[in-house]
Amino acid sequence: MRGPRPPLPDIVEDIQSRYNLTPEQVEKVEGILEKGRETTHALSEEFRQKAEAEFQNISLEMKEILSPEQYARWENDFKSRRRGPGRFGPGPGPGPGPGRPGSGRFGRGRPEGGRFRPPRPEPPEPNSAPE
């Protein structure tokens with residue numbers, strides 16, 4: 001998860017210095033960025049609400065098929081994954097971490113980082129002629 005967003009004035013100041021904006025451009029950039037933040041905040045909140053409703057649906061459906069004991073364990077695991085480190089917790093085992101392959105921004109646990117690439121097949125051994 002990303003850290004807190006920098007304050008809007010800091011962003012505008014950075015853009016102003018990088019692109020040598022006029023005062024009129026600065027005013028327009030501030031408006032665009034403020035509107036963008038409001039819009040993305042509203043979209044994030046809408047998504048959060050829809051995701052929470054979906055989590056509730058999943059829980060109800062799981063409750064219908066699991067025994068009370070199974071459901072209690074499942075619900076505990078499900079909730080701990082949603083609360084744990086990161087958005088959904090640590091998961092079932094060790095994942096990428098500092099110094100591990102795939103631990104970079106784009107790696108997401110993939111061995112080469114970036115896109116998923118299936119392992120290359122071993123080259124065939126040269127045929128040896130019978131003696």
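1. Rings first: here, rings of Phe, Tyr and Trp (its six-membered ring) pair if their centres lie within 6.5 Å, with planes under 30 degrees apart called stacked, over 60 edge-to-face and the rest tilted. Searching the whole structure with that rule turns up three aromatic pairs. In one of them, the rings of F55 and F78 sit with centres 5.6 Å apart and planes at 70 degrees, so this pair is edge-to-face. F55 lies in helix α2 and F78 in helix α3 (residues 68-83), so the pair ties together parts that are 23 residues apart in sequence. There is also one aromatic cluster, made up of F55, Y71, W74 and F78.

2. A word on what you're looking at. This is a predicted model, where local features need pLDDT of at least 70 and side-chain atom pairs count only at pLDDT 80 or more, while totals for chains, interfaces and linings use all residues. Numbering runs from 1 along each chain as its sequence is written, and side-chain values use heavy atoms, with hydrogens and water left out.

3. The overall layout is quick to describe. The protein chain has three helices and zero strands, and along the sequence the pattern reads α-α-α. Helices (H or I, at least four residues) and strands (E, at least two) are DSSP runs, numbered from the N terminus.

4. How much of the chain is buried? Of its 131 residues, 12% count as buried. The cut-offs are under 20% relative accessible area for buried, over 50% for exposed, and partly exposed in between (1.4 Å probe, protein chains only). The accessible surface of the protein chain comes to about 11,800 Å², and 55% of that belongs to carbon and sulfur atoms. Those areas come from the Shrake-Rupley method with a 1.4 Å probe, and for residues only the protein chains shown count as cover.

5. Contact here means heavy atoms within 4.5 Å.

6. Now helix α2. It has 43 residues and reaches 63 Å from its first C-alpha to its last, close to the 63 Å expected at 1.5 Å a residue. The expected span is 1.5 Å times one less than the number of residues. Which residues of α2 are buried? They are V26, V29, A51, F55 and S59. F55, the ring from point 1, is at 16% relative accessibility and so counts as buried.

7. S59 deserves a look of its own. S59 sits in helix α2 (residues 23-65) and, at 12% relative accessibility, counts as buried. Leaving out residues up to four places away in sequence, S59 touches Y71, W74 and E75. The side chains of S59 and Y71 are also joined by a polar contact of 2.6 Å. That term covers a pair of N or O atoms within 3.5 Å; within protein, one must be able to donate a hydrogen and the other to accept it, and residues adjacent in sequence count only if both atoms are side-chain atoms. Y71 and W74 are both members of the aromatic cluster from point 1.

8. On to charges. A salt bridge means a side-chain nitrogen of Lys or Arg within 4 Å of a carboxyl oxygen of Asp or Glu, and the count by this rule is four. One of them joins E75 and K79 (3.5 Å, N to O). These two are four residues apart in helix α3, so about one helical turn separates them. E75, which also touches S59, is partly exposed at 25% relative accessibility, and K79 is partly exposed at 41%.

9. E46 is partly exposed at 39% relative accessibility, whereas K50 is exposed at 54%.

10. In helix α1 (residues 8-19), D14 and R18 lie four residues apart, about one turn of the helix, and their side chains meet in a salt bridge (2.9 Å, N to O). D14 is partly exposed, with a relative accessible area of 35%, while R18 is exposed at 59%.

11. Last, a backbone point to check by eye. Most residues other than glycine have a negative phi. N20 is not a glycine, yet N20 has a positive phi of about 50 degrees. Where is N20 found? N20 is in the loop between α1 and α2, and at 67% relative accessibility N20 counts as exposed.
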